[in-house]
Number of protein chains: 2
Amino acid sequence: MELPRKIQAVVKALSRLPGVGEKTALRQTLVMTRWHANEISELAKAFENLQTLGKCIECGMYCDEKLCVVCSDETRCESEVLCVVENLNDCLAIEKSGTFSGIYHVMGGVLNPLLGIGPNELELDQLLARVKKYQIKEIILAVNSSVEGDATCALIKEMLPEETQILRIGFGIPMGGSLEYLDSLTISKALENRRHL
Amino acid sequence: MELPRKIQAVVKALSRLPGVGEKTALRQTLVMTRWHANEISELAKAFENLQTLGKCIECGMYCDEKLCVVCSDETRCESEVLCVVENLNDCLAIEKSGTFSGIYHVMGGVLNPLLGIGPNELELDQLLARVKKYQIKEIILAVNSSVEGDATCALIKEMLPEETQILRIGFGIPMGGSLEYLDSLTISKALENRRHL
């Protein structure tokens, strides 16, 4: 039996979201058919509004105003430390840890020639301009470990003036993690990153 | 750090779907921010269209035309067997099994005084009218086992003329299921429903 076209359209749209297969999408759609009309239009409107989602003119983070919360905080701008992250999610994770009080640069991805993401898409010129403007002394590259991530870090290091300290976030055994269950790449990274007590 | 309002709105809307928590919703929203504008409006439009989703004037199943695929099939209408289901999902599951060739009545729920679902909401008058119209001899109540489901079945049995055979779908051990892992209610139901070989 074929599903009605209107249901098919929603199922197809929902299945494009990560973690949603066709079966989950159908279940969700059927729950939505029981909603009030205004609840559904609220959902639709929220999606429509996403199209006009703004970015901070300084760091590139998604935000409502011209400047994000971090960039409008003067004490953070004066800290002379800048953290380069891939996306809002990574930024949120760092903010949640509560141990970073500098400013961010949100690249919105990593270098990926196949997807057409080059230095321009990552706003690296803007990064360079801000390093000068805020007299940044230390840059922390909080970029996940992958071929593309490593390439991005290498490119940033090459672009920036030599007097800026460029560090990459530490890789190793996670807190609470057990050596027994970790992959060998993590363990060799952790051994490499050993430190004096 | 607070999320932009536009993102918050989508996260809130998505978290209302079953199986989606705040964390999943945020992940999905951030993926959507990378979509093209027309992909997002397609999604929004699909949701908007759900508001005008039609129902089959005969059985109450969601469909595009006036009549659903089943009700517009004459041979099925002449089979004199009618299956009462709660919703489209249950109907799809039965159709998938490929062993039922009669017509359906989709109630859209079960009796639930707390949610204000009474006999009128389940279109039981329409069911009665169709039983007469199609000279239905056998009614299969494919309603899940719950207090509300049982009450609904009892009400339907009371409403229908005595000459109609009213049967409930069989409860017991599912195929491939193992006695060892099944709950005692299922096992007692299965013992009750024992059959001659």
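Okay, let's start at the interface of chain B and chain A: the rule finds 10 residue pairs in polar contact there, both residues at pLDDT 80 or more. Polar contact here is a pair of N or O atoms within 3.5 Å, where within protein one must be able to donate a hydrogen and the other to accept it, and residues adjacent in sequence count only if both atoms are side-chain atoms.

On the side of chain B that touches chain A, H3(B) gives the largest share, 11 residues. Helices, by the way, are DSSP runs of H or I, at least four residues, numbered from the N terminus. That side of chain B divides into 32 nonpolar, 10 polar and 11 charged residues, with Gly counted as polar and Asp, Glu, Lys and Arg as charged.

Quick caveat: this is a predicted model, where local features need pLDDT of at least 70, side-chain atom pairs need 80 or more, and totals for chains, interfaces and linings use all residues. Side-chain values use heavy atoms, without hydrogens and water, and residues are numbered from 1 along each chain, with chains lettered from A in the order written.

Now salt bridges, meaning a side-chain nitrogen of Lys or Arg within 4 Å of a carboxyl oxygen of Asp or Glu. The rule finds six across this interface. Arg16(A) pairs with Glu39(B) in a salt bridge, closest N and O atoms 3.0 Å apart.

Last, H1 of chain A, residues 5-15: Ile7(A), Val10(A), Val11(A), Ala13(A) and Leu14(A) are buried, that is, under 20% relative accessible area with a 1.4 Å probe, protein chains only.

Methods:
Helix = DSSP H or I, 4+ residues; strand = E, 2+ residues; numbered from the N terminus. Buried < 20%, exposed > 50% of the residue type's maximum accessible area, 1.4 Å probe, protein only.
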